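Grab a pencil and work through these exercises with the sequence and the 3D structure side by side. Try each task yourself before you read its solution.

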Amino acid sequence: MNYSAFFDQTLTDLKDDGNYRVFADLERHRGDFPKATNRGDKTREVTIWCSNDYLGMGQHPDVIAAMHDALDTVGAGAGGTRNISGTTHHHVVLEHELADLHGKEAALLFTSGYVSNWAALGTLAAKIPDCLVLSDALNHASMIEGIRHSKADRQIWRHNDLDHLEELLAAQPLDRPKLIAFESVYSMDGDIAPIEAICDLAEKYNALTYIDEVHAVGLYGPRGGGIAEREELMHRIDVIEGTLGKAYGVVGGYIAASAALCDFVRSFASGFIFTTALPPAVAAGAAASIKHLKSSQTERDIHQSKVAEVRARLDAAGIPHIDNPSHIIPVMVGDPVKCKYLSDILMAEHGIYIQPINYPTVPKGTERLRITPSPVHSADDIDALIGALEDLWHQCELARIPMAAQ
């Protein structure tokens with residue numbers, strides 16, 4: 001086999017389909033997010049409109065100061081895995097903050113949100129005897145991979161379809177171990193799970209609940225505990241999984257649960273046991289971010305206001321986007337080549353960075369520009385965004401939504 005020819009042809013096919021991904025070489029400016037310098041084929045100043053640093057906490061003075069202090073005090077790396085010299089006091093403090101955030105006995109840190117899902121779900125489903133995992137059809141790839149890795153029996157229930165979930169649960173013996181895995185905010189369409197009803201079904205059919213709150217922690221609830229906190233349901237969830245790399249502005253993942261469950265995952269999850277611990281400075285920055293957002297509602301209030309403003313402006317311009325109750329605004333294009341073209345022109349001619357979201361992240365025919373307003377986007381930023389999208393929709397003769405249909 002000619003391996004190089006195979007790789008080249010496969011990549012060519014990907015480009016022809018419009019699904020080839022190009023990294024944007026960005027340099028963010030401390031204290032000036034969402035501004036950045038794009039150092040690609042031509043250096044240009046841009047405004048980022050697709051970051052998962054939803055609240056701009058990656059630039060917050062408290063976070064940066066905490067990271068500088070830890071770096072100056074204890075150095076750069078953790079020194080190893082958590083079991084072998086890698087557990088530092090900063091990790092212990094952060095896990096206490098996370099347990100407190102979610103009202104749980106304990107929390108366990110991982111190197112990313114992907115790893116926390118993969119390791120926790122993979123371990124629980126593999127080790128609980130005869131466990132059946134019931135997974136929402138739109139769960140994140142990290143959840144799917146963890147469930148597959150476990151080799152446990154699994155069934156997929158239609159997205160947010162409670163009747164289908166109950167049908168699957170009712171078909172099983174009541175005493176069979178079952179684990180319901182779902183997300184709170186789904187990151188591509190921005191819809192939200194019916195958490196209370198899922199908890200009702202879990203209690204009725206003797207199932208554990210595992211919720212991925214990565215797109216909600218920091219953003220919802222009186223202390224940033226997520227949708228489950230906002231709806232006063234955290235005590236009914238067995239495992240809450242979250243990330244430090246989105247609203248908290250740093251990097252890392254975690255689970256929060258009972259002390260026994262966290263200790264169980266800590267003791268058996270290969271994705272935890274054999275991975276070098278997060279740098280202490282990262283843990284310190286995350287703890288500072290969590291502490292700040294536990295007591296400050298300002299960022300969340302401004303964030304929701306900016307999201308509402310962008311939605312209203314898109315409606316007025318007739319730009320099609322998915323209406324949902326979250327902070328994620330998917331502007332629908334429906335064609336991979338056009339989606340990438342729009343993204344390229346926004347960057348090159350308007351200084352606006354929005355990465356195209358194409359297959360396999362979303363189904364073919366639902367390609368989109370995923371916009372994530374933040375508290376630090378200015379009125380001028382919003383004017384520039386809407387103006388650029390209006391120009392491109394006219395230039396490309398894309399369909400608009402009449403005001404009467406909105």
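**Exercise 1. Find out how far the sulfur of Cys262 is from the closest cysteine sulfur, and count the disulfides.**

Step 1: A disulfide is a pair of cysteine sulfur atoms within 2.5 Å.

Step 2: Look at Cys262. The closest cysteine sulfur sits in Cys131, 17 Å away, so that is too far for a bond.

Step 3: Now try Cys339. Its closest cysteine sulfur belongs to Cys396, and at 11 Å this is also too far for a bond.

Step 4: Count up. By this rule you get zero disulfides.

Step 5: Check how hidden these residues are. Buried means under 20% relative accessible area, exposed means over 50%, and partly exposed is in between (1.4 Å probe, protein chains only). Cys262 has 4% and is buried; Cys339, with 0%, is buried too.

A word on what you're looking at: this is a predicted model, where local features need pLDDT of at least 70 and side-chain atom pairs count only at pLDDT 80 or more, while totals for chains, interfaces and linings use all residues. Residues are numbered from 1 along each chain as its sequence is written, and side-chain values use heavy atoms, with hydrogens and water left out.

**Exercise 2. Find the salt bridge partner of Asp53 and say where both residues sit.**

Step 1: Start with the idea. Side chains of opposite charge can pair when their charged atoms come close. For a salt bridge, a side-chain nitrogen of Lys or Arg must lie within 4 Å of a carboxyl oxygen of Asp or Glu.

Step 2: Apply it. Asp53 pairs with Arg28, with the closest N and O atoms 3.2 Å apart.

Step 3: Asp53 is in the loop between β3 (43-48) and α2 (61-74), while Arg28 is in strand β1 (residues 26-28), so the pair links distant parts of the chain, 25 residues apart. Helices (H or I, at least four residues) and strands (E, at least two) are DSSP runs, numbered from the N terminus.

Step 4: Asp53 is buried at 6%, whereas Arg28 is partly exposed at 34%.

Step 5: Look further. Asp161 and Arg158 form a salt bridge at 3.1 Å, N to O, and a network of salt bridges links Glu97, Asp100, Arg223 and Lys294. The whole structure has 19 salt bridges.

**Exercise 3. Work out the strand order of the open sheet of four strands, and find its edges.**

Step 1: Recall how sheets hold together. Strands pair through backbone hydrogen bonds, either parallel or antiparallel. Here, two strands pair if DSSP finds at least two bridges between them.

Step 2: Read the order, which is β1-β2-β3-β12 with mixed pairing. β1 and β12 (352-353) are at the edges with a single partner strand each, so one side of each has no neighbour in the sheet.

Step 3: Zoom in. Strand β2 (residues 35-39) and β3 run antiparallel and are joined by five bridges. Ala36 has Val46 as its bridge partner in β3.
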